[in-house]
Amino acid sequence: MGMTLSEKILARVSGNEAVKPGEEVMVSPDYVLAYDFPGYTDRIEKQMKEEFGIQKVKNPEKFVLFIDHMTPTITAKEEAFHEQTRRFAEEQGITLYERKGIGHQLSRELGYATPGSFLFHYDGHVSALGSLGALAIGNRRYLFEAYFSEKVMVQVPGSVKITLTGKPRLGVTARDIYNYIQSKIGPDGCLSNVLEIDGPAVAHLSIDARAIICGLAMFVGAVSAIVVPDHQVEEYLKDRALNEFEMVKPDSDAKYENEYVIDLTDLEPLVVLPPSPANVAPLSQVAGTKIDQGYIGSCVGGTIDDMRVAAEILKGRKVASTFKLNIIPSSNDLMHQASEEGLLSIFLQAGAFISAPSCDFCFGRSGTISAGQKALSTATLNVPGRMGSPDADIYLVSSATVAASAIDGVITDPRKYMGSDSLIESKG
């Protein structure tokens, strides 16, 4: 019996010829990633030294830390926490990236994720690295163990296969595609499995688009997601990959827990309604709803694709006086690219607020909303209190929808302002 893509990866890092779902195997991850956050990175150091008596991690080149939350700091306590992380990284010889962007995005840009690689994090949205054919799993227990031992135990997950067909139409972006997948298979349609994505429609999806779809996989119950790599991945990694890689593919006789064929041809813009990431509905259902604030950013919404489509809609137009629009690129390189392409000027002329890359707008530390307000967001969650008051409403949509709605001040179908083919395909 053949293996799925994730099974092949776990077989390699466990040193086995083959693995199957349900088996417990000891694996050596290619990289262990984490961002500093109270209760996580500080606890790792404490447990290492006080509970296990370990002063130094083995193979520090495999560990990477990111300071992408609480940036910039606003209290002395926050800065002291960052300083602790800096000291720990220097002491251990661990690579640290600070104020460079959101870690999940940087891990792609810097070449840590490659086809067939296996990465750990404690944050489930690291699944976005599946866009490059890597298996990236978020699990706090696994991450802590990785600092204490060269190998950690993993239970091999099953896989659910999604075959995408058709070509997305005007106004349909990666966020809509993910929402459509979720509406078809349900919020538990991939429970405890890996979402494996393939099919002819993948060729129409940029690497950014794939990252957005993979990064949201936890909301169908998946432990991760992975796109079968193709020539776009090879091109993206040509000058980025830190290690040599092979274009690992699933076997033709691999066994899946379930299989779906999803046609994107007639897909229209969708929205996730408050108060749950499971509430997918047609955008037309809530069109005209007054909105107070919009956010384009996060690890699943601040890509160059997102900024390009937003700029296309906002060019020569103004944000409504009743609407606050925040646009936060996911990394410094993306902000620079957006500047070079003239996108930032378009945003500023339209009346948007632009800030340096940070996770803070996603979890409500910045750009907060008060009771009774409504927000449109490209971020990860719309649960009560995510962006501020628990009595505010958050609608999750594409960056195109946020931009169009910013102009009208109400939820608006982005196709109203678009005059070209879909922008989810790569422009380089």
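Colleague: Which residue just after α1 takes a positive phi?

Modeller: Gly15 does, with a phi of about 80 degrees. As for the term, helices (H or I, at least four residues) and strands (E, at least two) are DSSP runs, numbered from the N terminus. Residues are numbered from 1 along each chain as its sequence is written. The model is predicted, so local features need pLDDT of at least 70 and side-chain atom pairs pLDDT 80 or more, while totals for chains, interfaces and linings use all residues; side-chain values use heavy atoms, without hydrogens and water.

Colleague: Is α1 mostly covered or mostly uncovered?

Modeller: Start with the term: a residue is buried at under 20% relative accessible area, exposed at over 50%, and partly exposed in between (1.4 Å probe, protein chains only). Helix α1 covers residues 5–14, and eight of its 10 residues are buried. Among them are Leu5, Ile9, Leu10 and Val13, and also Glu7.

Colleague: What do the buried residues of α1 pack against?

Modeller: Packing is read from contacts, that is, heavy atoms within 4.5 Å. The buried residues of α1 pack against several strands, including β1 (24–27), β5 (118–121) and β8 (158–165).

Colleague: Which residues touch the most other members of the largest nonpolar core?

Modeller: In soluble globular proteins, nonpolar side chains tend to be buried together. A nonpolar core is a set of buried Ala, Val, Leu, Ile, Met, Phe, Trp, Tyr and Cys residues joined through side-chain atoms within 4.5 Å. The largest core here has 56 residues, and Phe118, Leu119 and Tyr147 touch the most other members. Helix α5 (residues 140–148) gives the most to this core, with six residues. Leaving aside neighbours within four places in sequence, Tyr147 is in contact with residues including Val32, Met48, Phe63 and Phe88. Apart from this core lies another, of 40 residues, among them Ile291 and Leu334.

Colleague: Where do Ser192 and Ser298 lie?

Modeller: Ser192 is in the loop between α6 (174–185) and β9, and Ser298 is in the loop between β14 (293–296) and α9 (304–314). Neither is a glycine, yet phi is positive: near 65 degrees for Ser192 and about 90 degrees for Ser298. With a relative accessible area of 48%, Ser192 is partly exposed. Ser298, at 1%, counts as buried.

Colleague: Which residue does a cis peptide bond join to Pro275?

Modeller: Pro274 is the partner, and omega is about 10 degrees. Pro275 sits in the loop between β12 (270–272) and β13 (280–282). The bond from Thr71 to Pro72 is also cis, with omega near 0 degrees. Pro72 belongs to the loop between β3 (63–67) and α3.

Colleague: What does Glu79 touch, not counting residues up to four places away in sequence?

Modeller: It touches Thr73 and Arg86. Glu79 is in helix α3 (residues 76–92) and counts as partly exposed, at 30% relative accessibility.

Colleague: How many helices and strands are in the chain?

Modeller: There are 12 helices and 18 strands. For overall size, the radius of gyration is taken over C-alpha atoms, and the globule rule is 2.2 Å times the number of residues to the power 0.38. The chain has a radius of gyration of 21 Å, close to the 22 Å that the rule gives for 428 residues, so it is as compact as a globular protein of that length. Of the 428 residues, 60% count as buried.
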